[in-house]
Amino acid sequence: PRIRRLEESVVNRIAAGEVIQRPSSAVKELVENSIDAGASTVSVTVKDGGLKLIQVSDDGHGIRCEDLPILCERHTTSKLSAYEDLQTIKSMGFRGEALASMTYVGHVTVTTITEGQLHGYRVSYRDGVMENDPKPCAAVKGTQVMVENLFYNMVARRKTLQNSNDDYPKIVDFISRFAVHHINVNFSCRKHGANRADVHSGSTSSRLDAIRNVYGASVVRDLMEIQVSDENAVDEIFKMDGFISNANYVAKKTTMILFINDRLVDCTSLKRATEFVYSAILPQASKPFIYMSINLPPEHVDVNIHPTKKEVSLLNQERIIEKIKDAIEEKLMNCNNTRIFQTQALNSSALTQANTRKDKGTEVSTPTGEKSQKIPVSQMVRTDPRDPSGRLHTYWQGQTSNLEKKSGLVAVRNIVRSRRNPKDAGDLSSRHELVTEIDYNLHPGLFDIVKNCTYVGVADEVFALIQHNTLLYLVNVVNVSKELMYQQALCRFGNFNAIQLSEPAPLLELLTMALKDDESMSDVNEKEKLEIAEVNTEILKENAEMINEYFSIHIDQGGNLTRLPVVLDQYTPDMDRLPEFMLTLGNDIAWDVEKECFRTAAAAIGNFYALHPPILPNPSGKGIRLYKKNKDSMESAGQADNDLTSTDEDDIDQELLAEAEAAWAQREWTIQHVLFPSMRLFLKPPKSMATDGTFVQIASLDKLYKIFERC
């Protein structure tokens, strides 16, 4: 078919449907216009969810009579005159599309009077133009905009909005948010014909009073003030102040009121980041209340990225979000000293009936009407993943790790739970084949164990203990972490976040270091090692674009490594193994065969990111002997074994010992709070793990109970 120029009326109706998506969109635009007009009172009246009538009245500066003819034409505005004005825009409106769009999908009537006028003017609009000349009329100060029969000419849109109860709560929510932020403006919102307003806020000098008026005293009781600023930064200046709920606040839905430069917007990434922090302290079904007002230089905010202006783009957005998230986390850590829990009295008669049951195997009715069967003692599982007393490390003697002390709020388990694998970005058939192989090789029994296991503790340098039902298993941490990282490398294919190295790492130096440490290269002279390193450097530079696109491993033109992928959230690999990883990429990847290339690259990433034991030996037990300053003066091994506790602190390299203890403590923390929660979410154990010693059953509660019962 031929390409034709659409009629202007068609273009305008299409554009109107994008700007005014539903009645609440129209209310938001009109209220923002009232605030831009300097109004101190804004009243909203709605009929049938806004489809029959939307009326917004304010006491702002009004509209000049001479401006009324072009008031509802597209792209007519008093907010800016040149495109450069967008860089410093402070008003909420700027496009001049909202009123025009309303006239294309509804009947608009405007009544206005400016200061000093003896009377006002009323005029009706349709399709962007006046239906008649402005008529003099009695009017109060300000402007009243009335929109009737919204979407009368858009049958499909009107059918989707038939239920008038759907949009009115959205309108009330919008007005409530404006009332909390603009404390010097009186807001009211009511249904047409109703005697009482659903929102009524008076001007106040206190933000807490505004929140109390709108959301109630029960919300204010659990709020605390928060302030964040970054005025000393060279590249940006921002301030944030607001109120956030503490650990005692209970709600079923997150309430987040966000204003950026006094503009009501949504920011999904900021909301997600704050929910991650709260997920560590709130019960699973509870959500927080958050009010934030962020102020940035206008030139750091791009307001022209969304048809309804509900989103903005910020300069250095990730840094701002991270700073706010850290401030919320610190605030919650300092306030989380007391908790209030609501209790509910049980039905005493039901409990009496339950206690009269004497048969151990009989079913007992609970107060809720459900039936539960008594579990034989030999089948009771005593380890609770939420109870610290059920974990192995609780019974170890010695000081509690600092990492464990602060893990309550930053527990990555909760962060990982709230993130799922991103949508696959790669449409390559070979990559899909590798993912299909993972599903095909899945071991159902091990999959059930991983999904429903309880972490018990670290057994030694390689193995950890988990409990599944009444069975206790040893799990090879290195093997499962390697497989998990391999699967994640394929699942996040093309969708990795990145770890930015503080300083670029030259590939040639990394490869040279790896070759020097490789025992199999001990017979090769230094010149040949340098040649091998140079060849591998060229190979990696030639394939830099591909590995950056698919695996987010960035190598610049100078042959420097600058970024690594985030394979698992909140986890950074052991950088001591980076040279070996680079050598594997350069030497072992099948670059010419696509499927093998992806498989070997993912395997190399899996091996690098796996939780290998730290290079420094474990200092616990006999390992502390390895940290003596003068190893030649050590007595015989047999005598040392008999007197392990007599090691003089002066003979120990304390700095090296502290480094080793920190590395091993960090590994243990990562196993518990990152690896095992991620395993439950993402790992699909292959069948080979059932026979290669990765999972080993070492005890059964049923059998142990029989043995101890004889005693």
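**In which order do the strands of the open sheet of three strands stand?** The order is 22-24-23, and the pairing is antiparallel. Strand 22 (497–506) and strand 23 stand at the edges, each having a single partner strand, so one side of each is left without a neighbour in the sheet. Strand 23 pairs with strand 24 (residues 560–566) in the antiparallel sense over two bridges, and within this pairing I555 stands opposite L561 of strand 24. Two strands are taken to pair if DSSP finds at least two bridges between them, while the elements themselves are DSSP runs (helices: H or I, at least four residues; strands: E, at least two), numbered from the N terminus. This is a predicted model, in which local features need pLDDT of at least 70 and side-chain atom pairs count only at pLDDT 80 or more, whereas totals for chains, interfaces and linings use all residues. Residues are numbered from 1 along each chain as its sequence is written, and side-chain values use heavy atoms, with hydrogens and water left out.

S552 lies in the loop between helix 19 (544–551) and strand 23 (554–555). Although S552 is not a glycine, its phi is positive, at about 55°. S552 is buried, with a relative accessible area of 11%; here buried means under 20% relative accessible area, exposed means over 50%, and partly exposed lies in between (1.4 Å probe, protein chains only).

N149 is placed in the loop between strand 7 (142–148) and helix 4 (155–160). With a relative accessible area of 30%, N149 is partly exposed.

The five strands follow the order 10-11-14-12-13, and their pairing is mixed. Strand 10 (223–229) and strand 13 (263–264) stand at the edges with a single partner strand each, so one side of each is left without a neighbour in the sheet. Strand 10 runs antiparallel to strand 11 (residues 239–245), the two being paired over seven bridges. E225 has F243, in strand 11, as its bridge partner.

**Close-up of the salt bridge between R22 and D167.** In the whole structure, a search finds twelve salt bridges, a salt bridge being a side-chain nitrogen of Lys or Arg within 4 Å of a carboxyl oxygen of Asp or Glu. One of them joins R22 to D167, the closest N and O atoms being 2.4 Å apart. R22 lies in the loop between helix 1 and helix 2 (23–36) and D167 in helix 5 (residues 164–181), so this pair ties together parts that are 145 residues apart in sequence. R22 is partly exposed, with a relative accessible area of 26%, whereas D167 is buried at 3%.

Side chains of opposite charge can pair when their charged atoms come close. E437 forms a salt bridge with R599, with 3.3 Å between the closest N and O atoms. Because E437 lies in helix 14 (residues 429–440) and R599 in helix 21 (residues 594–609), the pair ties together parts that are 162 residues apart in sequence. E437 is partly exposed at 27% relative accessibility, and R599 is partly exposed at 25%. Both residues belong to a network of salt bridges that links E433, E437, K595, E596 and R599. The side chains of D439 and K684 also meet in a salt bridge (2.7 Å, N to O). D439 lies in helix 14 and K684 in the loop between helix 23 and strand 25 (695–700), so this pair ties together parts that are 245 residues apart in sequence. D439 counts as partly exposed at 38% relative accessibility, as does K684 at 30%.

**Close-up of helix 23 and its bend.** Helix 23 (residues 654–682) has 29 residues and reaches 40 Å from its first C-alpha to its last, close to the 42 Å expected at 1.5 Å a residue, where the expected span is 1.5 Å times one less than the number of residues. Helix 23 bends by about 40° at I671, the bend being the angle between axes fitted to the seven residues ending at a residue and the seven starting there.

**Close-up of a nonpolar surface patch.** L6, V10, V11 and I14 form this patch, and together they have about 330 Å² of accessible area. V11 is found in helix 1 (residues 8–19) and counts as partly exposed at 35% relative accessibility. Patches are made of residues with over 30% relative accessible area and no salt bridge, like charges being joined within 9 Å and nonpolar side chains (Val, Leu, Ile, Met, Phe, Trp, Tyr) within 5 Å. Accessible areas come from the Shrake-Rupley method with a 1.4 Å probe, and for residues only the protein chains shown count as cover.
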